[in-house]
Amino acid sequence: MIGLARCECLLYETHSLKEKRAVLLSILRKAVNNHNLSASETDYQDTWQHTELAFVSVGTSKVQVERNLARALSLIDFRTDIERINTVYEWF
């Protein structure tokens, strides 16, 4: 089972692409290193207060994959400098 979560986010406290990159790298590195999945910024790379992140997990069951994606999304939800405004799940 392959699960993909794409989430559109707003960054409220960033004032440059450099600050945006610092916030996103923190989230993406934690997702990849701690939660055994792939993660990337997939859209709005040139906009400093808007982004789309994608997280992909592969597992033997849908429950396991959902759990991994939920952990990755919680990295965004627990932060105060970024807000998830739209999330789309896809299953393969």
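**View 1. Tyr44 in the loop between β2 and β3.** Tyr44 belongs to the loop that lies between β2 and β3 (50–58), where helices (H or I, at least four residues) and strands (E, at least two) are DSSP runs, numbered from the N terminus. The model shown is predicted, so that local features need pLDDT of at least 70 and side-chain atom pairs count only at pLDDT 80 or more, while totals for chains, interfaces and linings use all residues. Residues are numbered from 1 along each chain as its sequence is written, and side-chain values use heavy atoms, with hydrogens and water left out. Tyr44 has a positive phi, near 60 degrees, in a residue other than glycine. With a relative accessibility of 27%, Tyr44 is partly exposed (buried means under 20% relative accessible area, exposed over 50%, partly exposed in between; 1.4 Å probe, protein chains only).

**View 2. Asn36 in the loop between α1 and β2.** Asn36 lies in the loop between α1 and β2 (38–43), and its phi is positive, at about 55 degrees, although Asn36 is not a glycine. Asn36 counts as exposed because its relative accessibility is 66%.

View 3. Leu17 is part of helix α1, which comprises residues 17–35, and is partly exposed at a relative accessible area of 31%. When neighbours within four places in sequence are left aside, Leu17 is in contact with Gln45, Asp46, Thr47 and Trp48, contact meaning heavy atoms within 4.5 Å. For one of these residues, Gln45, the C-alpha to C-alpha distance from Leu17 is 8.3 Å, and the two are 28 residues apart in sequence.
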